[in-house]
Structures are given as structure tokens and as C-alpha cells.
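Morning, everyone. Please look at the structure on the screen while I talk.

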Amino acid sequence: MPASPSTARAINDRLALRLLQDEGPLTAGQLKQLTGLSRPTVADLVERLTASGLIEIVGEAGEQRRGPNARLYGIVTGRAHLAALDVRTESVAVLVSDLVGRVLAEASVPIGGDIGTGPAVERAVTLVERALKESGAYRLHTVGIGAPGLIDPASGELRDSSGLPAWHRRLVAALQERLPEARVTVENETNLAALAEQREGAASDRDTFVLLWLGHGTGAAVVLDGALRRGASGGTGEIGFLPVPGTTGLPSATDCEGGFHSLAGSAAVAALAREHGLGTAAEPVPGEPEAAGLVRAAVARANAGGGTPGGTDDSPGSGLDDASGRFLDALADRLAIGAASVVAVLDPGCVVLGGEVGRAGGEALATRVAERLRRMAPLPTHVRPSLLGGAAVLRGALLTARESAQEELFGGH
């Protein structure tokens, strides 16, 4: 059945708003060309969206820059403000943006495990309030949070997880209490990283892929046919618990030691680097896993020296260069074990090595993992390094907050 006039108007308005979001300010003529709608239909939707406060004239285009045809229309970016949080075990990072995702303020704060649940929550909430004030906005429409641990698919809340700070679960309620007008949502950090890599990073050309998170801990996110898969209990991708060869035991229901985490978590990777004489090869970066700096330094030395033994110190062709290559080979051996298990079950066609360690390894590490996968798995699989690294969680939280806000604000149009 043909759409009713009101439904057709809503469809056209949403199409125009999405184009303005993706393409930036456009003239009525450009909207006509991109939508395929008639000139009178475009004129009507521009008038409706302007009257509703969703779009406004933001400038003029063309050589003469005058007259109605030159007017550039853009989304009213100040109609709503958003916040995105990346909640780690010992820190919180936040950014505040306008409705189209333009970042207005950023901040972060360390939260040690010895300050107590109440003070930790207060420090995190105060950080958000301070960033909001610095952005020049008065209130937040939507807050998107990325956090480690399982998200209950029914309630959308963090589940109790051993090993995670108690303040994590208290934070969502505290933010909702202090920001009563805001919609607060929480998602697993690895899932958000995958969404960001799909929109803006290494998987932008893929509808099906797996992101293997390599940071302080390990995890995986599964995107099949364009949709993020969370599983029956929200636990899809808890790859740290995967039983694998090469560990001293087996994981338990409450402890991932003995699982893939024991091979690929930051502490395990740092220990592997020390075994190869690389334990002090990198300057630490605040907030970054130790393993990321070690892997980055190893890649730089291996690329510079070619891994040829016989030199001295860290000059090209030195023994340290050769040790860096052997360390990367050993790390790839470990990562390929987890990746091959995922590939055998899901056949994703693409594995992104995400997180700070995945980005630090770059093409050098991804190529090594791909070579091993070709020998271990019968299914063709591309292996790519992350383009966003640890920043992917914050970007993913912002993308989901923006989409949630726009869905509500644009819903009636």
C-alpha cells in the first residue's frame, strides 16, 4: 500500500536530516539532487524542519552567494548536547559534544582502587559535570557509557562481575540522579569499539567481522550482517575465558586466569616481552597498558633493523632488533590461537586487532597473525590492525549517544 501523506512527509524529513548529518550543510537544490524529491516537496520539508527548530540557515553557497537558492541549511547543533564516557578499572574519560558529534570538551581522571566506592563515584560524576560546564552547555540530553563487564540484555545494566570495581555499577545510577533530564545508557566497551571501527576505522567496508580487543584485558565483539551480536546473556565475546593450550591451567566461571587472557592480557604480553629481553624498551604512556608501549617499540626496532642478529645495542641489524622480531612472532602465535577459535566458529572473514595493543602492533603484528591463521584455519580471513586503538571506546559511546538522541529528536519528522 502507498504511504499516507503524513508517513511520506516523515520519511522525507528523516532522509533530509540524515543527509545533513552525513554531508554537512546543504542547499535546497543539493537536497533535491541527493533525495530525488521534487522542488516543491523539498521546499515544504525545509520549511517544516526550520519551523520545528531542527535545521537553520548556516551560510550561503555558490559564486554569487545571494538569494534563496544559495542558502545553506544545517542541523541545529545546539538542540541537544551529549556525553560519552570510557570507564576503565582505574580511570574515567569523558567528552561532551553537540548533536552532530562535534566535540566541545574533553577530560579524564584516574580513579585508584584504594579510594572507596563512594568517593570513586563522586569523582567520576564531578568529572562529567565539569566537562559539561566547560563545553558551555546547560544540560545533557543523552549520556553513553562504555564499560568492561557484561550488560544484562533485559535491563541494559551492568551485571555483577568479579574483578571489577564496585563503583562501576553505582556510576550509572549516580549519573541518572545528578542528571535527571539525561538518558543514560551503558554498553560493553569492546562492543562500542567494534561499532566505532565499523563506522570510522578498520572495518568501515565490512558488514561481518570480529574485533579482538587487546588492552589491559582481552575481549571480542561480533558483528554479523551489520548487526552487533550480544548473545542470550549479553556475554558474546568473553574470549578471555576461552580455554586454550599454552596456559598453566583452565579458567573458572569467576576467573579468566588460565584462559586466553593468560596469553594475551597486558600483563602476559609484558612478561613475554621481558622473556625476550625487551622489558624496558618503551616509555610508559599514562593510562595505556604497559604491553602497548612494549609492542610499539618492538615494531619500530624490527622494522628499522630487519631482525638481523649480530649488531649491538638498538642500532639497525642488532641483536635487540632480532629479539623484537622473535617477540612479535611469539605474540602472534598466541593471538592466532584465540583468533583461530573465533574464525572456526563464526567465519567472519575479517579480524580486527583492536585496543591499544592491536593498534601498537600495526601491520607488522597483523601480518604475522594472518600468516598463522592461514595455516591453522581453513577459512579465508583478513587480519587488520585497529585504526582507533583505545580511543575506539569513547568514539563508540559518542556514536551511540548521538544516534539515540537523533532518533528521539528526529522521530517525529
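**Two loops and a helix pair**

Asp 347 sits in the loop between helix 10 (319-346) and strand 11 (350-354). Helices (H or I, at least four residues) and strands (E, at least two) are DSSP runs, numbered from the N terminus. Asp 347 is not a glycine, yet its phi is positive, about 50°. Its relative accessible area is 42%, so Asp 347 is partly exposed. Buried means under 20% relative accessible area, exposed over 50%, partly exposed in between (1.4 Å probe, protein chains only).

This is a predicted model: local features need pLDDT of at least 70, side-chain atom pairs count only at pLDDT 80 or more, and totals for chains, interfaces and linings use all residues. Residues are numbered from 1 along each chain as its sequence is written, and side-chain values use heavy atoms, without hydrogens and water.

Next, Asp 225. It lies in the loop between strand 9 (218-224) and strand 10 (227-229). Asp 225 is exposed, at 66% relative accessible area.

Now helix 9. Its 16 residues, 290-305, should span 22 Å. The expected span is 1.5 Å times one less than the number of residues. The end C-alpha atoms are 23 Å apart, which agrees. Buried residues of helix 9 include Leu 294, Val 299 and Arg 301.

What does helix 9 meet in helix 8? Ser 266, Val 269, Ala 270, Ala 273 and Arg 274 in helix 8 touch Glu 290, Ala 291, Leu 294 and Val 295 in helix 9. Contact means heavy atoms within 4.5 Å.
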